[in-house]
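Subject: Structure for your review

Dear colleague,

Please find the structure below, followed by an account of what was found in it. I would be grateful if you would read the two side by side.

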Amino acid sequence: MVEIGSLRLNGFYPRCSITNTEFQFHQIATDEGVQEDLPDVASTCSVPIIHLKSDILDTEPLNLLTEVTYVDSLLTTLPVLSEEEQTALAATPAHPAGLYASALYATSFAGGLVEQFWNFAWPAAIALLHPSLQPVAVIGFFSKLAVVVGGPLVGQLMDYFPRIPAYNCLNLVQATAHLLAVAMIIRAHTAPSTLASSVLLRPWFSVLVLAGAVERLSGLALGVAVERDWVVLLAGPNRPIALAEANAVLNRIDLVCEMAGASLFGILLSKYDIMTCLKFTAGLMTWTVPVVLVLTWLTNKLSSGVLDCTKSHDVEIAGAAGIKHGWMEYLQQPVLPASLAYVLLFFNVLTPGGLMTAFLTQRGLNPSIIGGFSGLCAFMGVAATFISANLVRRLGMLKAGAAGLIFQSSLLTIAVLSRLGHMSYDVVGAQILQTGIPSSKANLIGTTEASVASLAEFIMLGVAIIANDVSHFGFLAMLSLFSVVGATWMFCQWLVNPTEEQRSLFSF
C-alpha cells in the first residue's frame with residue numbers, strides 16, 4: 001500500500017490510499033503522447049486516479065520528499081527577496097533599540113570599565129609590596145583554578161535561571177568581591193611584609209585569593225551572558241551581518257575599557273600614592289553597580305522583553321555531574337578545533353596582563369609608561385575589529401581567522417603589533433562559535449570554553465610560580481611563542497581537512 005498525503009499534485013491536496021498497485025519508477029514514460037491502460041484500483045478517496053503532468057517530470061526528477069524537505073526546496077529555489085534585500089535584512093538587527101539606544105553597549109561599557117580598571121590596579125598594587133612575581137602568580141593561579149572548576153557549573157546555572165535576575169545577582173556578587181579585595185590590599189599596604197613567603201601566609205592574603213576567585217568567576221559568567229547569549233537574541237540568530245557588527249562593537253567596547261582603565265590607573269598612580277588610588281577604585285566600583293542595574297533593565301525594556309523569553313530547564317544541575325556535562329558538551333561541539341586554537345592563545349605572557357604588568361613594574365618603568373603600553377595594545381585591538389571586517393569580506397570567515405593567527409605568530413615578539421592578529425581572530429572566532437553552537441547551549445559551552453582558556457592561563461601561572469624570578473621571564477616568553485604557533489597550525493589543519501558536519505555549517 002502506498003500512502004500519499006499532504007503533497008501538492010496538479011493543484012489539489014487529497015489524502016488517499018491506493019491498493020493493489022505496483023509502481024515501477026524506472027519504466028515511467030514522460031511523453032505526453034504515450035497513453036497506457038490504467039488498471040482499476042480500489043481507492044478510499046473520492047478521486048480514484050491521479051494524473052502526473054509530464055512537464056513536472058521533465059523539469060524535476062521524481063523524488064519521494066518529506067514535507068520538510070519539500071518546503072526547504074521551495075525556499076531554496078524560490079527566494080522571496082532579492083539578493084540586495086536579503087543582505088539588507090541580514091544587516092538589520094532584530095531589536096536595534098536594545099543594541100544601539102545606549103542599552104546593551106552602555107551596560108557592557110559600564111561593567112567593562114570597572115573590570116579593566118581593577119585588572120590593572122591589583123597586580124600593580126601587589127607588585128609594590130615585594131619584588132617577586134610569586135604573589136601575583138598565586139592570586140592569578142587560584143582565580144584560574146576557580147574558573148576551570150566552576151565555569152561549566154556557572155554556565156548551566158545561567159542557562160537555567162531567568163536572564164535578568166541572574167545577571168543582576170552576579171553583578172552584586174562581583175562588586176562585593178571587588179570591594180573586599182580592595183580592603184585586603186589596603187590592609188596589606190598599611191602593614192607591609194618584607195618576605196614573599198610571609199606575605200603568602202598572612203590572613204589578608206588568603207581572603208584576597210578567595211575574593212579574586214569569586215570576582216573572576218562572576219565576571220566570566222557576566223561576559224559570556226552578554227557576548228554569547230544576549231547579543232545573539234538582540235541582533236537576531238539568522239542575521240549574520242548584524243551579529244558580526246554587534247560582535248565587533250562589543251570587542252571595541254572591551255578594548256576601549258582596557259585602554260581607558262589601564263591608562264587612567266597608570267596616570268593616577270604616577271600622581272598619587274597607592275592608597276589614594278585604591279580608594280578611588282572602591283568608589284568607582286560602588287557607583288557603577290546601580291548604573292549597571294538600571295541599564296540592564298533598560299536593555300530588556302527597549303528590546304520588547306526578549307531577554308525574558310523562556311529557557312530550557314531540562315538540564316540536570318548537580319555538582320561534579322554538572323561540570324562533567326559541560327566538558328562533554330564542549331568536546332562534542334563541531335567547531336572544537338577553532339575553539340582550541342582560541343584557547344591556546346591564552347597560554348601567553350606577551351600580552352597586557354598581571355604577569356606582564358608585574359614584570360614591567362619590577363623593571364622600574366614609570367606607571368604611566370606601563371599604562372600607556374596597555375593602552376596602545378588596546379588601541380591596536382580596536383583597529384583589529386575594523387580590519388577583521390574587511391578580512392571576512394575579502395577572504396571569508398574561516399580564512400580571515402587563519403590570517404589573524406598567522407599574523408600574530410609572525411609578530412608575537414612585538415607585543416603591540418601582534419595584538420592586531422590576536423584580536424582579529426578573537427572577533428572572527430566569536431562568530432565561528434556563535435554559528436556552530438546551538439543557542440540553547442550558549443552559556444554552557446561559552447563558560448566551559450572560558451574554563452579551558454583559564455586552564456591554559458592556570459598552567460602558565462603554575463610555571464611562573466616555579467620560575468618566579470624576573471630573569472626567567474624570557475623562558476615564559478618562549479613557551480608563549482610555541483603555544484601561538486601551535487594554535488595557528490591547528491586551525492589551518494582544520495581549515496584544510498573539514499568534516500562533513502563542518503562543511504554543512506561553513507563554506508570551506
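A nonpolar core is a set of buried Ala, Val, Leu, Ile, Met, Phe, Trp, Tyr and Cys residues joined through side-chain atoms within 4.5 Å. Buried means under 20% relative accessible area, with exposed over 50% and partly exposed in between (1.4 Å probe, protein chains only). This is a predicted model, in which local features need pLDDT of at least 70 and side-chain atom pairs count only at pLDDT 80 or more, while totals for chains, interfaces and linings use all residues. Residues are numbered from 1 along each chain as its sequence is written, and side-chain values use heavy atoms, with hydrogens and water left out.

Confidence and overall make-up

The average pLDDT (the predictor's confidence in each residue, from 0 to 100) of the protein chain is 76, and 78% of the residues score at least 70. Residues 1-78 have a pLDDT below 50; this stretch has 55 contacts in the model beyond near neighbours in sequence. Contact here means heavy atoms within 4.5 Å. Where pLDDT is low, the predicted coordinates should not be read in detail.

The protein chain contains 20 helices and 2 strands. These are DSSP runs numbered from the N terminus (helices: H or I, at least four residues; strands: E, at least two). Of its 508 residues, 47% count as buried. Among contacts between residues at least 6 apart in sequence, 82% join residues at least 24 apart.

The nonpolar cores

The largest nonpolar core has 83 residues, and Phe-265, Ile-432 and Phe-491 have the most contacts inside it. Helix α5 (residues 104-127) gives the most to this core, with 10 residues. A second, separate core has 34 residues, among them Leu-220, Val-231, Leu-234 and Leu-307.

Leaving out residues up to four places away in sequence, Phe-491 touches Ala-338, Ala-341, Leu-398, Gly-401, Ala-402, Leu-405, Tyr-425 and Ile-432.

Helices α16, α18 and α19

Phe-491 is one of the buried residues of α19, which also include Phe-473, Leu-476 and Trp-494. The buried residues of α19 pack against α13, α14 (354-362), α16, α17, α18 and α20 (500-505). The expected span of a helix is 1.5 Å times one less than its number of residues. For the 24 residues of α19 this should be 34 Å, and the end C-alpha atoms are 35 Å apart, which agrees.

In helix α16 (residues 397-410), the 14 residues reach 20 Å from the first C-alpha to the last, close to the 20 Å expected. Its buried residues include Leu-398, Gly-401, Ala-402 and Leu-405. They are covered by elements including α13 (336-344), α15, α17 (415-436) and α19 (473-496).

Helix α18 (residues 442-466) is largely enclosed by the rest of the structure, because 19 of its 25 residues are buried.

Two buried polar residues

Thr-385 lies in helix α15 (residues 367-395) and counts as buried, at 0% relative accessibility. Its side chain makes a polar contact of 2.9 Å with the side chain of Arg-252. A polar contact is a pair of N or O atoms within 3.5 Å; within protein, one must be able to donate a hydrogen and the other to accept it, and residues adjacent in sequence count only if both atoms are side-chain atoms. A polar atom of the Thr-385 side chain also lies 2.5 Å from the backbone oxygen of Val-382.

Ser-424, in helix α17, is buried with a relative accessible area of 4%. Apart from neighbours within four places in sequence, Ser-424 is in contact with Ala-384, Ser-388 and Gly-404.

Yours sincerely
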